[in-house]
Amino acid sequence: MSGFSREVLTANEAASVTRVPLKQVHRIIDAGLLRGRVETRRGSRVIVGSGLVGLRLAWLTSQTLTPAARRRIVKNAIAAEAVTMVADDPLRVDLKPITAEVKSGLGRLRKAKAMVVRDPNVLGGQPVFAGTRILVHDVAEMLANGDAAEAIHAAYPQLTLDRIWLAADYALAYPRRGRPPAKPAWRAVPAKSSRTIGLDDLPAAS
């Protein structure tokens with residue numbers, strides 16, 4: 001698992017990279033399954049090096065192994081950076097596919113971070129797609145609400161489909177902070193008056 005030794009990820013970043021739900025990331029850490037690969041830095045827990053592979057492995061085996069067997073397998077997987085196979089007779093687990101998934105996730109996160117700009121002079125420093133004023137978290141929320149990436153691209157043609165999907169990775173790794181954006185002024189102002197009319201009250205077509 002060379003290439004992971006220098007990786008230090010927060011729980012949110014690890015969830016984005018490994019595709020393990022954030023609640024499960026915390027549960028796996030709390031259970032001590034990643035002992036030796038979890039540190040506290042600046043008051044937050046981070047997962048280090050091969051702990052990322054161990055996290056993904058712990059998630060994948062949560063429904064298939066006994067707690068004791070799962071703990072032994074994960075312990076062996078994170079024991080060193082160069083482990084490619086772990087065994088707990090009669091079980092053998094090839095870690096290469098899991099390692100490849102984590103490397104792919106790290107690549108996605110790097111691309112997501114590279115496409116984002118935070119400028120105090122642009123929308124108060126909120127994360128936007130580079131070269132635009134489009135909020136990354138807004139696009140991520142559209143995806144989460146079921147909007148198709150193709151529909152979002154049609155609305156924002158300056159965004160490629162790849163950048164749209166990467167918005168979800170970024171938002172998971174770096175959740176929106178503070179209050180949600182205020183509604184536009186026109187939405188906050190109630191209508192001055194309203195009344196109900198019948199079809200017969202409508203003016204005739206000319």
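Is Asp-162 buried, partly exposed or exposed? With a relative accessible area of 39%, Asp-162 counts as partly exposed (buried is under 20% relative accessible area, exposed over 50%, partly exposed in between, using a 1.4 Å probe and protein chains only).

## About the model

This is a predicted model, where local features need pLDDT of at least 70 and side-chain atom pairs count only at pLDDT 80 or more, while totals for chains, interfaces and linings use all residues. Residues are numbered from 1 along each chain as its sequence is written, and side-chain values use heavy atoms, with hydrogens and water left out.

## Salt bridges

Side chains of opposite charge can pair when their charged atoms come close. A salt bridge here is a side-chain nitrogen of Lys or Arg within 4 Å of a carboxyl oxygen of Asp or Glu. Searching the whole structure turns up 11 salt bridges.

## Lys-111 and Asp-162

Back to Asp-162: its side chain forms a salt bridge with Lys-111 (3.1 Å, N to O). Lys-111 sits in helix H5 (residues 96-114) and Asp-162 in helix H8, so the pair ties together parts 51 residues apart in sequence. Helices are DSSP runs (H or I, at least four residues), numbered from the N terminus. Lys-111 is partly exposed too, at 45%.

## Asp-169 and Arg-19

Asp-169 and Arg-19 also meet in a salt bridge, at 3.0 Å from N to O. This one links distant parts of the chain, 150 residues apart: Asp-169 is in helix H8 (residues 161-173), and Arg-19 is in the loop between helix H1 (11-18) and helix H2 (22-30). Asp-169 is buried at 4% relative accessibility, whereas Arg-19 is partly exposed at 48%.

Technical notes:
Helices (H or I, at least four residues) and strands (E, at least two) are DSSP runs, numbered from the N terminus.
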